[in-house]
Amino acid sequence: MVARVKTVAFQGIEAVPVDVQVMIQPGQTVMNIVGLPDKAVAESRERVRAALHASGLSIPPKRVTVNLAPADLPKEGSHYDLPIALGLMAALGAIPSDMLEDYVVVGELSLDGTLAAIAGALPAAIGANALGRGLICPAQCGAEAAWAGEDMNIIAPASLIALANHFRGTQVLSRPQAAIRQSAANLPDLAEIKGQETAKRALEIAAAGGHNMAMVGPPGSGKSMLAARLPGILPKLTSRELLEVSMITSIAGQLGEGRLCDQRPFRAPHHSASMAAMVGGGIRARPGEVSLAHNGVLFLDELPEFSPQVLDSLRQPLETGEIAIARANHHVTYPSRFQLIAAMNPCRCGMAGEPGYTCRRGPRCQADYQARISGPLLDRIDMRIEVPAVSAADLIAPSAAEPSETVAARVAAARLRQAERFSGSHVSTNATAPNSLIEAVAAPDAAGTQLLRDAAEVKRFSARAYHRILKVARTIADLDGADAVGRIHVAEAIAYRVAGERLAAAA
Ligand SMILES: Nc1ncnc2c1ncn2[C@@H]1O[C@H](COP(=O)(O)OP(=O)(O)OP(=O)(O)O)[C@@H](O)[C@H]1O
Ligand SMILES: [Mg+2]
């Protein structure tokens with residue numbers, strides 16, 4: 001007899017159904033797993049054997065064959081332990097096999113028969129729900145899986161014995177509750193930043209429209225400080241975004257205690273990050289920083305210090321909002337629609353352009369440093385601002401600064417206007433709107449159009465630059481509460497575009 005158990009394989013954040021077939025035949029005492037298993041799946045043999053033994057069930061001295069179908073789909077990870085163990089138990093008659101028909105099963109086994117947490121419980125639960133089945137997963141993953149559907153059947157036992165008891169009806173497990181982690185209450189506050197009014201205004205616009213932004217300035221002017229205050233003014237994730245973000249975090253195995261978090265991701269990888277760490281890949285093609293920053297912020301501090309190849313690999317996700325990772329035998333795609341915030345010094349010594357300062361290496365100092373960033377990458381950055389050193393007057397006797405709460409309220413109002421405008425489409429911010437749409441909703445008035453035309457002729461904007469200016473202008477108008485984009489909005493948007501002109505010229 002062949003016992004069958006349904007489980008899943010992950011392809012990106014999608015869960016593809018996999019059939020685990022277990023057959024026990026007379027013959028030599030062996031256990032074979034076939035169907036393109038990777039090392040972790042092949043080793044599952046030993047864990048299953050030990051866990052069953054610890055639970056009081058021994059595999060008979062016969063020939064056991066486990067087939068993972070479809071046979072041409074690579075199977076990676078440790079979550080096949082539990083379906084294989086349950087398949088064996090069903091084949092041995094230890095549990096009724098018809099009880100497994102309504103479930104998708106995932107879970108890793110410890111040698112003592114307890115279940116260990118796995119990565120990807122949320123996508124697995126969503127996949128199971130789509131198949132019209134319930135889910136059996138380890139206890140630690142229950143809270144996360146419960147998000148997949150309110151009336152979905154979920155069993156989250158702590159051990160094989162607990163599961164067997166549940167099926168026998170001697171100790172029925174209750175359905176796990178979906179849990180949410182409250183976002184950290186004490187995020188750093190904007191009011192702590194003295195002066196830097198222009199930079200704060202730009203940060204507010206970037207937050208409101210989800211625009212990419214680069215900050216250039218001398219050491220200690222507060223660039224890293226400004227970026228760290230961005231999470232405090234960004235709106236909370238919507239429920240659809242929350243699920244998207246959590247699926248990626250779940251696949252990456254980074255969902256703490258199985259709780260989802262409604263705060264927007266803010267990823268700040270160090271500049272020594274490798275290509276695989278940034279865009280994803282490596283063993284099991286894990287999501288990289290660009291995907292973990294999906295629907296949130298990717299902050300690259302000291303931008304020119306990143307390897308040029310790593311920076312250029314950001315060009316595709318910045319444009320399309322997803323990243324395709326090619327493997328030897330298949331490829332996976334992860335969503336990666338993030339907002340890029342970058343900070344950098346103008347040159348190696350950090351002081352180029354400061355009044356009364358000349359670089360020791362002359363103009364080459366600045367040119368060489370900035371040449372590490374490619375033109376196409378710069379072209380994708382909507383707003384470039386200079387963050388000069390704080391003046392002594394601002395440091396010693398600063399004027400009253402707005403707290404993050406006030407700014408966050410304005411940002412939320414602007415986001416609401418965008419959500420209403422784009423309702424019905426998958427777009428949520430001006431920055432992510434397709435060009436045709438933005439041309440329709442951000443067409444400036446006559447004076448604004450004239451200004452844009454003049455500036456485009458003088459500055460020779462690329463087609464991408466033109467659309468990105470329109471997007472920023474639309475956001476500025478949204479912050480203003482204006483329905484139409486006026487000359488003043490276009491002017492401010494152009495100013496942010498050309499402020500980094502020195503940067504672009506040097507690159
Ligand atoms: N505008 C400011 N208001 C108050 N404190 C500031 C301001 N700017 C800088 N500081 C102080 O200086 C420290 C350094 O600032 P920060 O790390 O943000 O500088 P930076 O611009 O990122 O410099 P670098 O280019 O060297 O990375 C902060 O921890 C803070 O104490
Ligand atoms: Mg810094």
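Q: Why is Asn295 called buried?
A: A residue is buried if 20 or more other C-beta atoms, placed from the backbone, lie within 10 Å of its own, exposed if 12 or fewer, and partly exposed in between. Asn295 has 24 other C-beta atoms within 10 Å, so it counts as buried. Keep in mind that this is a predicted model, where local features need pLDDT of at least 70, side-chain atom pairs count only at pLDDT 80 or more, and totals for chains, interfaces and linings use all residues. Residues are numbered from 1 along each chain as its sequence is written, while chains are lettered from A and ligands numbered from 1 in the order in which they are written.

Q: And why is Leu36 called partly exposed?
A: Leu36 has 16 C-beta neighbours inside 10 Å, so it counts as partly exposed. As for the protein chain of 507 residues, 44% count as buried.

Q: What makes the phi values of Leu36 and Asn295 worth a look?
A: Phi of Leu36 is near 50°, which is positive in a residue other than glycine. Asn295 also has a positive phi without being glycine, with a value near 65°. Leu36 sits in the loop between strand S3 (30-34) and helix H1 (39-54), and Asn295 in the loop between helix H10 (289-292) and strand S16 (297-301).

Q: What makes something a helix or a strand here?
A: Both are DSSP runs numbered from the N terminus: helices are H or I with at least four residues, strands are E with at least two. On that basis the protein chain comes to 21 helices and 20 strands.

Q: Where is the cis peptide bond at Pro70?
A: The bond runs from Ala69 to Pro70, with omega near 5°. Pro70 belongs to the loop between strand S4 (63-69) and helix H2 (81-92).

Q: How do you know which residues surround ligand 1?
A: A residue is near a molecule if its C-beta atom, placed from the backbone, lies within 6 Å of it. For ligand 1 there are 15 such residues, the closest being Pro219, Gly222, Lys223, Ser224 and Met225. Helix H7 (residues 223-228) gives the most to this shell, with three residues.

Q: What kinds of residue make up the shell around ligand 1?
A: Ala, Val, Leu, Ile, Met, Phe, Trp, Tyr, Cys and Pro count as nonpolar, Asp, Glu, Lys and Arg as charged, and the others, Gly among them, as polar. By that scheme the shell has five nonpolar, eight polar and two charged residues.

Q: How do you know that domain 1 and domain 2 are in contact?
A: Two residues are in contact if their C-beta atoms, placed from the backbone, lie within 7 Å. On that test, 18 residues of domain 1 are in contact with 18 residues of domain 2. On the domain 1 side, strand S1 (2-11), helix H3 (121-130) and helix H4 (142-145) each supply at least two residues. That side has ten nonpolar, six polar and two charged residues.

Q: Where do the two domains lie in the chain?
A: Domain 1 is 2-168 and domain 2 is 190-506, with bounds from an automatic or database domain assignment. Their centres, taken over C-alpha atoms, are 43 Å apart.
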